[in-house]
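Let's walk through this chain together, one question at a time. Keep the viewer open as you read.

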Amino acid sequence: MLESFAGSVIRRWIADKIIPENKAAIYQYGLVVGLQTMLEFLLIVATSLFLGLFYPCVIMTCVFIPIRIYGGGFHASTALRCSVATWLMHVVAFLYVKYVPACWEVQAGILFVSLILILWKAPVEAENKPLTPAERIKYRKKTIIFWLIIFGIYAILTLTGCPDTAHYETVGLGMFVFVMAAGILKNYMMEVKKNEISGSDL
């Protein structure tokens, strides 16, 4: 449905000479991805409102998005699958916040595991989004900086009597841990498969 709508928009843009016809496919793909991202965001917000968790949603999203951009992690094979997976992950996080009591041991565990993963593997690349050596260094530094900012804010919130917000912050970081771990596992499985194929060709 989105492809059909995007196609009609692109045809109109071509007719109005807004974009060149030879770049229609590129613009259509970008428009579809943009629409999917917008719908994904609206669905996440609607779910948080339905569960009465809009404020936690804002905190978790503000933590997750910046560190995810530079830290990398799992990427689905299509934009639609990525959107669905992201929404489902948020639903699980919302249900965790709503029904599982906050526990400082879990929060400390998330902070510790996230730091270990970042120092070990960040940024986690996707097969279709390889990074240059310079980009790896840049993204790694920014991921570490974001982690330090998150930890600093967590410490301030905890010491100033805002445990709920601190809890939401670590849940957002926990989503990043999940995505990063899934990306590491996916890359490992792909490497194993490549080695098996190359070994069978010998």
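Predicted model: local features only at pLDDT ≥ 70, side-chain atom pairs only at ≥ 80, totals over all residues.

Residues are numbered from 1 along each chain as its sequence is written, and side-chain values use heavy atoms, with hydrogens and water left out.

Q: How many helices and strands does the chain have?
A: Helices (H or I, at least four residues) and strands (E, at least two) are DSSP runs, numbered from the N terminus. From that end the elements run α-α-α-α-α-α-α. The count is 7 helices and 0 strands.

Q: What percentage of the residues in the chain is buried?
A: Buried means under 20% relative accessible area, exposed over 50% and partly exposed in between (1.4 Å probe, protein chains only). The C-alpha trace spans about 60 × 55 × 30 Å along its principal axes. Of the 202 residues in the chain, the buried ones make up 35%.

Q: Are α5 and α6 roughly parallel or antiparallel?
A: Axes are lines fitted to C-alpha atoms, for helices over the stretch in contact, and angles run from 0 to 180 degrees between N-to-C directions. Helix α5 (residues 104-121) packs against helix α6 (residues 133-159) at about 165 degrees, with the axes 10 Å apart. Angles under 35 degrees count as roughly parallel, over 145 as roughly antiparallel, 65 to 115 as roughly perpendicular and the rest as oblique. Therefore α5 is to α6 roughly antiparallel.

Q: How many nonpolar, polar and charged residues are in the contact of α5 with α6?
A: Contact means heavy atoms within 4.5 Å. Residues making it include L111, I118 and L119 of α5 and I144, W147 and F151 of α6. For the classes, Ala, Val, Leu, Ile, Met, Phe, Trp, Tyr, Cys and Pro count as nonpolar, Asp, Glu, Lys and Arg as charged, and the others, Gly among them, as polar. The tally is 8 nonpolar, 3 polar and 1 charged.

Q: Is A166 buried or exposed?
A: A166 sits in helix α7 and touches Y154, L157 and T158, leaving aside residues up to four places away in sequence. Its C-alpha atom is 8.6 Å from that of Q107, 59 residues apart along the chain. Because its relative accessibility is 1%, A166 counts as buried.

Q: Is K17 buried or exposed?
A: K17 is found in the loop between α1 (2-15) and α2 (24-50). Its phi is near 60 degrees, a positive value in a residue other than glycine. With a relative accessible area of 74%, K17 is exposed.

Q: Which residues does a cis peptide bond join?
A: Most peptide bonds are trans. Here P123, in the loop between α5 and α6, takes part in a cis bond with omega of about -5 degrees. The joined residues are A122 and P123.
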